[in-house]
Amino acid sequence: MTQLSPFDQIVELSPPDIEPYRAGNTGVPFVTTFDSGQAGPHAMICGIVHGNELCGAIALDHLFQHDIRPRHGRLSLVFANPDAMAQYDPARPAASRFVDEDMNRVWSPDVLANAHRSVELDRARALRPLVDSVDTLLDLHSMQSNSTPLILSGPAPKGRTLAASLESPAVIVADTGHSAGRRLRDYGGFSDPNDGRNALLVECGQHWRAGTATMAIDTAYRFLAQLDMIDTDTAGPHLLPAPAVPQRWIDVTDAVGVSHEDCRFAGDYSGLEVIPTAGTVIGMDGAAEIRTPYDDCVLVMPARRLAPGQTAVRLGRYRDLAAGDD
Ligand SMILES: [Zn+2]
C-alpha cells in the first residue's frame, strides 16, 4: 500500500526481512563473505549505511535470493546499519536515517580511533577490518528528492573510470564529500589517487520509490559483471536498459554548508538544475545570499532539510566524459 511521507513523497518500498542474514559467516552480524577459492579482488556491496535508504537492503536481499557467488576473488555483502533500518516506520520514513549519528560521516582514522561511542561508531569500528581488506566497494544509497540517479565517484579519475565502466546511472558526480565528516566511499585508499582500491557511492533515486530499488539491483549486477565476478547471462535478466543519453560527469567545485536555522532555497530544486548566469541567488542562509559562482552552474543533491552544519547543496559543472580531466 502506498503512503505519503512528510515530503509528500510516495512510499512504495518496504524494508526486506534481513533477519536471515544476521548470522552471516564472518563473526560480524549482517556481514557475509563469499570466497570463490580463486585468486581475485575483494569486492564489497553495502546498503543501509542510512537506515531509511531501503534500496540497498533490497538489492542485497536480491543477490542472496538469487544465490549470487563470485567466480573469482571474494564478495562481501554488508547490511551496514541494521539498527537504524530496524527503526524504519513508513509513517515517519525519514526518521530512521541513523540511531545516534550519520554513519557516513565517521570514516576517518581519527574519528574511528577516538573515545566517543555511538551505535554508528561501534558498527563502523566492527566493519573496519573488513573494509580495510576491500579492493572495490559499491555503496548503495538513495536521495531525498526525485533527482535522476547519480554515481558519486569521488574526485580522483580512477573513480570516474570505474563509474564509466558501469555505463549507468547516466550522471557521474566527482565530489569530495561533506565538511561534516568523511564518507565510507572516501575512506583510506578509496580516495587516494595513487592507491589501487576504488569505491563508488550510487544514489539510486528517491528513498521510497519502487524504481529506486530496481536501479539499486541493476547497479549491483552491473558492478559484479564489470568485475567479472558474474557472467553476463547471470546479470542480464536483472539489468535495466542502458541510459538513453551518454554518461556525463559533473565536476563538483563547491559544497555549500548551512550556517543558520533559517536557511532556504529560492526555488523548489530537486537536483541537476542548471543555473545559466553567474551570481544568481539560489537561496538565503540567514541574511546571507547563496549565489552561483559561475555560468551554467549545476545544483547537485539540494537537501530538503536544511540544518546548520549540514551540506545544503553542491555546485558543479557538467563535463564531457570523453574530454578527460584537463
Ligand atoms: Zn545515504
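Which side chains meet in a salt bridge?

A word on the model before we look. It is predicted, so local features need pLDDT of at least 70 and side-chain atom pairs count only at pLDDT 80 or more, while totals for chains, interfaces and linings use all residues. Residues are numbered from 1 along each chain as its sequence is written, and side-chain values use heavy atoms, with hydrogens and water left out.

Now, the layout. The protein chain splits into domain 1 (3–238) and domain 2 (250–318), with bounds from an automatic or database domain assignment. Their C-alpha centres are 26 Å apart.

Next, where they touch. Domain 1 brings 19 residues into contact with 17 residues of domain 2, contact being heavy atoms within 4.5 Å. Together they bury about 1500 Å², and carbon and sulfur atoms give 53% of that; buried area is the accessible area (1.4 Å probe) that two parts lose on being put together, summed over both.

Back to our opening question. The rule finds 1 salt bridge across this interface, the term standing for a side-chain nitrogen of Lys or Arg within 4 Å of a carboxyl oxygen of Asp or Glu. The side chains of D175 and R314 form a salt bridge, at 2.6 Å from N to O.

Finally, which elements give two or more residues to domain 1's side? Those are β7 (150–152) and β8 (171–174), strands being DSSP runs (E, at least two residues) numbered from the N terminus. β8 gives the most, with 4 residues.
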